[in-house]
Amino acid sequence: MDKQIDLNSFIERVNIVIGFADGDLSEDFKNGVEFAVDMMKSHPQADPKIRKGIWKETGEYWSEGCGMGESYGCYYACNLCGYIMRYKTPFCSNCGADMRGEQDE
Ligand SMILES: [Zn+2]
């Protein structure tokens, strides 16, 4: 599965780590990191703002197994793209929206 990252917070973290280790790092290493960060920034899919979404209960239920092993729950739909999941996940698998914020309970 693809992973989505918040590019700005990633770069912030890189800068913090570089800042802490500044005296111990070679110029070549720092240039290499700078080069990699520039490549990420200029990547066509680099989106500076990852959209925030929420999981909405669809009102539809799923169940599987029987007797002791039965499990069930309701389906959740991404409020941005409508993708339906059985469980609330941190990111929408379809559109990549960040679902970790406040949820509609
Ligand atoms: Zn979605």
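1. The protein has two helices and three strands, and from the N terminus on they run α-α-β-β-β. Helices (H or I, at least four residues) and strands (E, at least two) are DSSP runs, numbered from the N terminus.

2. Keep in mind that this is a predicted model: local features need pLDDT of at least 70, side-chain atom pairs count only at pLDDT 80 or more, and totals for chains, interfaces and linings use all residues. Residues are numbered from 1 along each chain as its sequence is written.

3. On confidence: pLDDT is the predictor's confidence in each residue, from 0 to 100. The mean for the protein is 82, with 90% of its residues at 70 or more. Among the elements, α1 has the lowest mean pLDDT (81), while strand β3 (residues 84-85) has the highest (92).

4. Now for burial. A residue is buried if 20 or more other C-beta atoms lie within 10 Å of its own, exposed if 12 or fewer, and partly exposed in between, with C-beta atoms placed from the backbone. Of the 105 residues of the protein, 8% count as buried.

5. Take a look at helix α1 (residues 7-20): its 14 residues reach 20 Å from first C-alpha to last, close to the 20 Å expected. That expected span is 1.5 Å times one less than the number of residues. Zero of the 14 residues of α1 are buried, so this helix lies largely in the open.

6. Methionine 40 sits in helix α2 (residues 27-42). It counts as partly exposed because it has 14 C-beta neighbours inside 10 Å. Its C-alpha is 7.9 Å from that of leucine 7, 33 residues away along the chain.
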